[in-house]
Amino acid sequence: MQRGLLFFLLLISTITSVYGYELILPKNKNSTVETNYILFLGKANNGENITINNEKVFTSSNGAFAHSVKLKDGENRILVRSNFNTQVYKVNKKNKVKNNEIKLNEFEIKPATIKKDNTPLRNTPIDSGMNRISHLFKDTTILINGDFGDFYRVLLSKNQEAWILKKDVEIINPKNSDIATFINMDSKKFSNAQLQTISFTKNLPYTIEDNDKEILFKIYNPELSQNSFYTLNIPKPQKYTYKVSLDNGTYSFKVNEIPKNLSDYTIVIDAGHGGSERGAIGGLGDEEKDINLKIALELEKILKAQNLNVLLTRECDGNIDLATRVDFAKSNDANIFVSIHLNSIGDSQMNIHKMRGTSIYYYNKHSKPLAEILEKTVTKSAGTKRNGIHPGSFAVLRPTEYISVLVEAAYMINPLDTVLYKKEDFAKNIAQGISNGIIEFITQN
Ligand SMILES: [Zn+2]
């Protein structure tokens with residue numbers, strides 16, 4: 001048995017030394033892709049010079065390398081050469097199937113109803129990106145008057161249309177649709193919050209505009225009309241969160257000032273991925289989910305020492321879906337949510353060596369100031385390259401009830417970043433940088 005194992009290990013090391021490198025990507029010697037590039041990611045053995053299609057491949061001090069090859073249509077033969085060995089990889093580039101040209105089809109106004117809570121209403125008929133204008137509640141009655149591919153066109157007011165996925169709504173018979181009428185509205189002021197309510201006899205669609213000085217909350221189609229809408233506006237404090245809820249035709253729209261004292265804060269730390277969801281893989285075979293968790297546990301220690309209430313979406317390796325992470329933060333009244341990741345790129349990009357360092361993502365306007373601070377404090381503490389702040393439509397970033405940011409600490413695939421994240425104190429330094437940023441955000445005026 002032991003001799004068998006020894007033989008097996010010898011065999012593995014012989015294969016490795018014969019090749020002179022180990023490849024993480026591509027996974028197979030023969031593959032079929034639809035992308036313009038294919039990524040070669042791996043580790044060169046000591047002293048091995050790697051070339052791919054005769055181009056010298058940059059290798060970091062620990063052997064990690066990453067190299068993209070531009071593909072032509074059809075079969076591509078890619079030669080990977082180390083000091084004494086050449087391997088051939090065959091990649092078949094298929095052309096993407098193009099959709100037939102989609103046309104807008106207009107029709108008479110029809111009422112329709114929303115099937116489930118949290119249904120995105122968008123300003124373009126595209127099922128991704130930063131185009132959401134609100135999230136509608138179940139049993140909201142909307143007016144549609146056209147379709148485009150998978151979307152219906154939604155009529156909000158004379159000058160404003162929106163888009164909604166067909167699968168999210170059900171067209172209803174106008175005869176069965178009662179007209180929604182206005183009942184009343186009310187406004188209440190608390191020491192650290194302002195609440196406005198507005199009631200109709202039925203659920204109507206809404207949008208939110210977070211402007212410079214105030215937040216505009218608009219409700220459309222009273223009396224099934226496209227000519228009128230109601231507007232509530234709440235002046236906003238400097239640091240705020242907000243929440244929209246709907247109960248039987250009554251909207252509650254609450255803007256909260258976020259606490260001033262560290263001890264009043266609940267911070268939810270979210271280590272990205274986990275379990276079978278490994279996240280990105282580095283050239284040396286490291287898995288993103290493990291590094292995310294290390295950083296999260298370090299951050300927990302540092303923040304707890306500052307008297308903050310800290311909760312983790314996961315404290316060990318395991319699968320957790322995105323909705324559970326969001327629900328966890330909401331049900332624990334989180335003030336700040338920090339999701340921790342390391343970045344990667346797909347087979348669609350070329351400039352791997354420019355993809356380096358720390359990037360911070362945010363979705364809502366009220367989370368942007370924290371993103372800006374973190375981009376400075378994390379890169380300063382961990383010595384990573386500054387890679388900017390970016391809007392990103394990720395499920396964990398979209399809720400408005402808390403400040404939410406996603407930290408991409410470094411690039412898993414970048415050979416130079418590999419050297420950084422393999423360092424003993426990397427997780428601690430990233431965590432320290434995140435903590436510094438959070439404290440600065442809370443305590444600044
Ligand atoms: Zn990730």
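## Reading strands, sheets and helices

User: Which residue of β19 stands opposite Glu-209?

Analyst: Glu-209 has Leu-216 of β19 opposite it. Before going on, note that this is a predicted model: local features need pLDDT of at least 70, side-chain atom pairs count only at pLDDT 80 or more, and totals for chains, interfaces and linings use all residues. Residues are numbered from 1 along each chain, as its sequence is written.

User: What do the numbered elements stand for, and how many helices and strands are there in the chain?

Analyst: Helices (H or I, at least four residues) and strands (E, at least two) are DSSP runs, numbered from the N terminus. The chain has six helices and 28 strands. Its C-alpha trace spans about 80 × 60 × 45 Å along the principal axes.

User: Back to β19, then. How many bridges join β18 to β19?

Analyst: The general idea is that strands of a sheet pair through backbone hydrogen bonds, either parallel or antiparallel. Here, two strands count as a pair if DSSP finds at least two bridges between them. β18 (residues 206-210) and β19 (residues 214-220) run antiparallel, joined by five bridges. The hairpin linking β18 to β19 passes through three residues. β19 is also joined to β20 (residues 229-235), antiparallel again, by seven bridges. Over there, Glu-214 sits opposite Pro-235 of β20.

User: Which strands pair with β9?

Analyst: β9 (residues 105-114) pairs with β12 (residues 141-148) in the antiparallel sense over six bridges, with Glu-106 opposite Gly-146. Three bridges also join β9 to β15 (residues 169-171), antiparallel too, and there Thr-113 is opposite Glu-170.

User: How do I read a whole sheet? What is the order of the six strands in the open sheet?

Analyst: Walk across it strand by strand: β24-β23-β25-β28-β26-β27, an open sheet with mixed pairing. β24 and β27 (386-391) are at the edges with a single partner strand each, so one side of each has no neighbour in the sheet. On average, neighbouring strands of this sheet are turned by 20 degrees against each other, direction ignored; such axes are lines fitted to C-alpha atoms, for helices over the stretch in contact, and angles run from 0 to 180 degrees between N-to-C directions. α4 packs on the sheet, touching β26 (358-362), β27 and β28, and its direction makes about 170 degrees with that of β26. Contact means that C-beta atoms, placed from the backbone, lie within 7 Å. Inside the sheet, β23 and β24 pair in the parallel sense over four bridges, with Val-268 opposite Leu-311.

User: And the open sheet of five strands, what is its order?

Analyst: That one goes β2-β8-β7-β4-β5, also with mixed pairing. β4 (residues 51-52) is joined to β5 by two bridges, running antiparallel; Thr-51 has Lys-56 as its bridge partner.

User: Now helices. At what angle do the axes of α4 and α6 cross?

Analyst: The axes of α4 (residues 368-382) and α6 (residues 426-443) cross at roughly 145 degrees and come within 8 Å. The contact residues divide into ten nonpolar, seven polar and two charged. Ala, Val, Leu, Ile, Met, Phe, Trp, Tyr, Cys and Pro count as nonpolar, Asp, Glu, Lys and Arg as charged, and the others, Gly among them, as polar.

User: Which residues of α2 are buried?

Analyst: Buried means 20 or more other C-beta atoms within 10 Å of a residue's own, exposed 12 or fewer, and partly exposed in between, with C-beta atoms placed from the backbone. In α2 the buried ones include Ile-291, Leu-293, Ile-295, Leu-299 and Leu-303. The buried residues of α2 pack against β23 (266-271), β24 (309-312), β25 (336-343), β28 (403-411), α5 (415-421) and α6. Across the chain's 445 residues, 37% count as buried.

User: Is Glu-257 buried or partly exposed?

Analyst: Glu-257 is partly exposed, because 16 other C-beta atoms lie within 10 Å. Glu-257 belongs to β22 (residues 250-257), and is 64 residues from Ala-193 in sequence but 5.9 Å away in space, C-alpha to C-alpha.

Definitions and conventions:
Contact = placed C-beta atoms within 7 Å.
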